[in-house]
Amino acid sequence: DGHAGALRPLLQANDGLQTVDVSNNALKDSGAEALAEALSSHPAVRTFKIDHNSVGDTGAKAIGRMLPTTELEELHVHNNSFQHAGVLAITLGAQKTPSLVLLNMRGT
């Protein structure tokens with residue numbers, strides 16, 4: 001989880017990166033928060049996959065806040081640990097993100 005913050009310099013150095021896939025990495029809330037913060041200042045990313053982790057409501061809320069600041073087209077957050085509050089936060093963020101065409105929250 002602590003290594004997720006290390007992706008920020010990588011994202012800054014690679015402004016053409018279009019997909020970030022951190023699926024199946026045992027990420028928790030702190031990892032999701034660090035990635036959401038990094039992605040909010042990286043407009044080229046179109047696909048974010050953070051599925052099959054242990055992201056709870058706090059991490060999901062960070063992702064929801066990040067969404068309107070991006071040009072994401074796909075968000076995969078299925079099979080995580082967040083509950084109603086996290087689903088609501090991501091849904092509200094998705095509604096404010098016109099570029100988003102795919103939101104996968106199944107199994108959450």
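This is a predicted model: local features need pLDDT of at least 70, side-chain atom pairs count only at pLDDT 80 or more; totals for chains, interfaces and linings use all residues.
**Entry 1: Ala 26**

I placed Ala 26 in the loop between strand 1 and helix 2. I then looked up its backbone: Ala 26 has a positive phi of about 55°, although it is not a glycine. I noted this because most residues other than glycine have a negative phi.

**Entry 2: Asn 24**

Is Asn 24 buried or exposed? I read a relative accessible area of 57% for Asn 24, so I wrote it down as exposed.

**Entry 3: helix 2**

Next I followed the chain into helix 2 and listed its buried residues: Gly 31, Ala 32, Leu 35, Ala 36, Ala 38 and Leu 39. Because they cover an arc of only 165° around the axis, they lie on the same side of helix 2. I kept in mind that an α-helix has 3.6 residues a turn, so residues three or four places apart point the same way. What covers the buried residues of helix 2? I found that the cover includes helix 1 (7-13), strand 1 (19-21), strand 2 (47-49) and helix 3.

**Entry 4: the core**

I then opened up the largest nonpolar core, which has 27 residues. The members that touch the most others are Phe 48, Ile 50, Ile 63, Met 66, Leu 75, Val 77 and Ile 90. Helix 2 (29-39), helix 3 (57-66) and helix 4 (84-95) are the elements that give two or more residues to this core. Helix 2 gives the most, with five residues.

Leaving aside residues up to four places away in sequence, Leu 75 touches Phe 48, Ile 63, Leu 67, Ile 90, Leu 100, Leu 102, Leu 103 and Asn 104.

**Entry 5: helix 3 and helix 4**

The axes of helix 3 and helix 4 come within 8 Å and cross at roughly 5°. I therefore logged helix 3 as roughly parallel to helix 4. On the helix 3 side, the contact is made by Asp 57, Ala 60, Lys 61, Ile 63 and Gly 64. Helix 4 brings His 84, Ala 85, Gly 86, Ala 89, Ile 90 and Gly 93. Sorted by class, I have five nonpolar, four polar and two charged residues in this contact.

Note on methods
Residues are numbered from 1 along each chain as its sequence is written. Side-chain values use heavy atoms; hydrogens and water are left out. A nonpolar core is a set of buried Ala, Val, Leu, Ile, Met, Phe, Trp, Tyr and Cys residues joined through side-chain atoms within 4.5 Å. Buried means under 20% relative accessible area, exposed over 50%, partly exposed in between (1.4 Å probe, protein chains only). Helices (H or I, at least four residues) and strands (E, at least two) are DSSP runs, numbered from the N terminus. Contact means heavy atoms within 4.5 Å. The arc is that of the directions from the helix axis to the C-beta atoms. Axes are lines fitted to C-alpha atoms, for helices over the stretch in contact, and angles run from 0 to 180 degrees between N-to-C directions. Angles under 35 degrees count as roughly parallel, over 145 as roughly antiparallel, 65 to 115 as roughly perpendicular and the rest as oblique. Ala, Val, Leu, Ile, Met, Phe, Trp, Tyr, Cys and Pro count as nonpolar, Asp, Glu, Lys and Arg as charged, and the others, Gly among them, as polar.
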